[in-house]
Amino acid sequence: MSQLLKSDFYQRDAREVAKDLLGCVINREVDGIRLRGRIVETEAYLQDDPACHAYKGLTPRTKAMFKAGGISYVYLIYGMYYCFNAVTGKEGNGEAVLIRALEPLEGLDTMAKLRKTDKVKNFCSGPGKLCLAFNIGKNENLKCLESGPVTISEGSREEEIYTTTRIGISLGADLPYRYYLKGNQFISKK
DNA sequence: AGAGCGATGGCCT
DNA sequence: GGCCATCGCTCTA
């Protein structure tokens, strides 16, 4: 079993963490079954960035973002989907990395049930999809990424990193804060 | 392959 | 009351 990422990994600029998370592995247990997925697509959100939930300051929803890096920030979007973020930076900085897509590694049968599809490429190829596949919801908000219930461990990356603008936002749409692995089949969008 | 759109609920003004 | 860091279905081609 490879090493879990430590808090100092997360307590850096979200853009650096977003790139370094590519190739790392998310671990989760659902009904005694181990689920693992390799991170292949991320987006960085910074406090001085108008697309960031923390842009307007601390609110009940965004309090996780202002804590020290190394915990989760999970929120509900469009009334029906959750998005999973790794909080980054020092305490008091409102920033995080959105995990947008995973390459399924282990527990594919469970993912198929949770996603109600047999198409592996459709299991985790989007932020809402991967939360369904890993059964991540509001209970997983504000949790330590080293102790769980969701953890992230070191991985390997041989692919080149592509950098583009972020998906699904209007403000800050020109900022190049989206990162993904070149040629990977499990990203949400080219 | 791609555009359009409805579902659905919490947060914030 | 308006706005979403989305998804899957339908329609057109």
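Is Leu-142 buried, exposed or partly exposed? Leu-142 is partly exposed, since its relative accessible area is 31%. Here, buried means under 20% relative accessible area, exposed means over 50%, and partly exposed is in between, using a 1.4 Å probe and protein chains only.

Before we go on, a word about what you're looking at. This is a predicted model, where local features need pLDDT of at least 70, side-chain atom pairs count only at pLDDT 80 or more, and totals for chains, interfaces and linings use all residues. Residues are numbered from 1 along each chain as its sequence is written, chains are lettered from A and ligands numbered from 1 in the order in which they are written, and side-chain values use heavy atoms, with hydrogens and water left out.

Let's stay with Leu-142 for a moment. You'll find Leu-142 in the loop between H4 and S6. Those labels come from DSSP runs: helices (H or I, at least four residues) and strands (E, at least two), numbered from the N terminus. Leu-142 has a positive phi of about 65°, although it is not a glycine. Asn-135 is also found in the loop between H4 and S6, and its phi is positive too, near 50°. At 41% relative accessibility, Asn-135 counts as partly exposed. The loop between H4 and S6 holds Pro-149 as well. Gly-148 and Pro-149 are joined by a cis peptide bond, with omega about 10°.

Now follow the strands. Strand S1 covers residues 25–30, and five of its six residues are buried. S1 pairs in the antiparallel sense with strand S2 (residues 33–45), over six bridges. Two strands pair if DSSP finds at least two bridges between them. To see one of these bridges, look for Asn-27, whose partner in S2 is Arg-36. The hairpin of S1 and S2 has two residues between the strands, and Asp-31 takes a positive phi there, near 50°. S1 also pairs with strand S6 (residues 151–153), again in the antiparallel sense, over three bridges. In that pairing, Ile-26 has Ile-152 as its bridge partner.

Next comes helix H2, residues 14–21, whose buried residues are Ala-14, Val-17, Ala-18 and Leu-21. Why do they line one face of the helix? Seen down the axis of H2, the buried residues fall within an arc of 105°, so they line one face (the arc is that of the directions from the helix axis to the C-beta atoms). What covers these buried residues includes helix H1 (7–10), S2, S4, S5, S6 and strand S8 (178–181). At the start of H2, a side-chain oxygen of Asp-13 reaches to within 2.7 Å of the backbone nitrogen of Arg-15. After H2 comes Gly-23, with a positive phi near 95°.

At 0% relative accessibility, Thr-42 counts as buried. The side chain of Thr-42 reaches the backbone oxygen of Ala-18 at 2.9 Å. That is a polar contact (a pair of N or O atoms within 3.5 Å; within protein, one must be able to donate a hydrogen and the other to accept it, and residues adjacent in sequence count only if both atoms are side-chain atoms). Not counting residues up to four places away in sequence, Thr-42 touches residues including Leu-21, Val-97, Ile-99 and Tyr-179, where contact means heavy atoms within 4.5 Å.

Finally, turn to the DNA. A residue is near a strand if one of its heavy atoms lies within 4 Å of it. DNA strand B is surrounded by Thr-59, Pro-60, Arg-61, Leu-76, Tyr-78, Gly-79 and Met-80. A backbone N or O atom of Tyr-78 lies 2.2 Å from a base oxygen of DNA strand B, while a polar backbone atom of Gly-79 is 3.4 Å from a base nitrogen of DNA strand B.

DNA strand C has 20 residues around it, and His-53, Tyr-75, Asn-85, Arg-115 and Gly-128 come nearest. Sugar and phosphate make up 55% of the atoms of DNA strand C that come within 4 Å of the protein. A polar side-chain atom of His-53 lies 3.0 Å from a phosphate oxygen of DNA strand C, and a backbone N or O atom of Gly-128 lies 2.9 Å from a phosphate oxygen of DNA strand C.
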